[in-house]
Amino acid sequence: MDKKTVFSGIQASGSLHLGNFLGAIRNWVTMQNEFNNYFCVVDLHTITVPQDPGTLREKTREVAGLLFAAGIIEENSVVFVQSHVKAHSELAWILNCITPMGWLHRMTQFKEKSSKQKEEVSVGLFDYPVLQAADILLYDTHLVPVGEDQKQHVELCRDIAQRFNYLYGETFVLPDAFIPPVGGRVMGLSNPEKKMSKSEEKKEDSIFLLDTPDQIRKKLKKATTDSLKDIRFDENRPGVNNLLTVYQLLTEKNREEIESHFEGKNYKELKEELAETVIESLRPLQENYHELAGEEGYLDQMLSRGAEIAGEKAESKINQVWEQLGLR
Ligand code: AMP
Ligand code: TRP
């Protein structure tokens, strides 16, 4: 039987963190045998806010390298850079022409990001979800594994696909989001009311995948908790709840086991044990990453192979779209 298709994307806007890993990448790795997979470093999304060219170039490679280091394998998955496949921009333009502005005005990520930038906000940032829809629809994607923050964008993609199919005839597969039951929203360490992010100003909020053991210990030591004592899962205590959730995801123990394990212990002990757990969990990934970074040409070879395979699939879809619209 033919395997279904998975597509997901990740920005090169900064360093990958534990939220990216637990909310998305880890699931990509474990699910990859069951599906045909495309994983895309979305550099065109990244430039919707200002970027330094040198840093962007470097981070694009780092993100791709980390995907392989985390266990994405070429037998099951195609890893590529978005700007290497021209059809993404081409389809985004076409979808722009059938997407009502009102749909985009409702996107909460745009509201959040644009409120931080005021008058500097680019048209590209507003249009971000349409480019994301193009990414997904080019590959006849069935499933989009993402963190919770991307749910609205995947739903919008579905709406755009439906509208295109209605206007021009059956063309696109309608995708579903896959959001993990736990880990879809890992919170910041110093501000557990906000999600962990790649943002540079908030370095102490995130554990980056390439952080050293000392950095990890320091960040966790300073993580915000509360003035209570008992260590329990409780959504009303976001700091402790987040630390326990990360512990749960990394150890794969159940919540009762974890609560009884920490009974009578204090926050310092929780943080220390969590730090060692995080360090050990990231160790193989970090070792793989450094090994891979030392292999001259490996990454370039993988990315050019990825762009070729993805390009072929995307090209046949965009040709179909042109035909349907009367552009060919
Ligand atoms: P981004 O860093 O925005 O490119 O996100 C890449 C993937 O990681 C997407 O699937 C996001 O939903 C997911 N993600 C980002 N931040 C978090 C977080 N704090 N918790 C869980 N998933 C996240
Ligand atoms: N917007 C996504 C994020 O920031 C990244 C992304 C771009 C994406 N294109 C995608 C995710 C297609 C899934 C599918 O997390």
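Glu252 is found in the loop between helix H10 (238-251) and helix H11 (255-261), where helices (H or I, at least four residues) and strands (E, at least two) are DSSP runs, numbered from the N terminus. The model is a predicted one, in which local features need pLDDT of at least 70 and side-chain atom pairs count only at pLDDT 80 or more, while totals for chains, interfaces and linings use all residues. Residues are numbered from 1 along each chain as its sequence is written, chains are lettered from A and ligands numbered from 1 in the order in which they are written, and side-chain values use heavy atoms, with hydrogens and water left out.

Although Glu252 is not a glycine, its phi is positive, at about 60 degrees. Glu252 is exposed, with a relative accessible area of 65%; here exposed means over 50% relative accessible area, buried under 20%, and partly exposed in between (1.4 Å probe, protein chains only). A positive phi, near 50 degrees, also occurs in Asp140, a residue other than glycine, which is placed in the loop between H7 and strand E4 (143-145). Asp140 is buried, its relative accessible area being 19%.

The domain assignment of the chain gives domain 1 (5-183 + 296-325) and domain 2 (203-291), with bounds that come from an automatic or database domain assignment. The C-alpha centres of domain 1 and domain 2 lie 30 Å apart. To the contact between them, domain 1 contributes 14 residues and domain 2 contributes 17 residues, contact meaning heavy atoms within 4.5 Å.

A nonpolar core is a set of buried Ala, Val, Leu, Ile, Met, Phe, Trp, Tyr and Cys residues joined through side-chain atoms within 4.5 Å. The largest such core has 59 residues, and those with the most contacts inside it are Leu18, Ile25, Leu220 and Val278. Helix H12 (residues 267-294) gives the most to this core, with 10 residues, and at least three residues are drawn from each of domain 1 and domain 2. When residues up to four places away in sequence are not counted, Leu220 touches Leu189, Ile207, Leu243, Lys271, Leu274, Ala275 and Val278. Apart from this core lies another, of 42 residues, including Cys40, Phe80, Val85 and Ala134.

Around ligand 1 there are 18 residues, of which Gln11, Gly147, Asp149, Val186 and Lys198 come nearest; a residue is counted if one of its heavy atoms lies within 4 Å of the ligand. Helix H1 (residues 18-31) gives the most to this shell, with 4 residues. A polar side-chain atom of Lys198 lies 2.5 Å from an oxygen atom of ligand 1, and a polar backbone atom of Gly147 is 2.8 Å from an oxygen atom of ligand 1. A nitrogen atom of ligand 1 is 2.8 Å from a polar backbone atom of Val186. Taken alone, ligand 1 exposes 480 Å², and the protein buries 92% of that, with accessible areas taken from the Shrake-Rupley method with a 1.4 Å probe.

Ligand 2 is surrounded by 13 residues, the closest being Gln11, Tyr128, Gln132, Asp135 and Gln150. Strand E1 (5-10) and helix H7 (123-137) each supply at least two residues of this shell, and H7 gives the most, with 4 residues.

Methods
A polar contact is a pair of N or O atoms within 3.5 Å; within protein, one must be able to donate a hydrogen and the other to accept it, and residues adjacent in sequence count only if both atoms are side-chain atoms.
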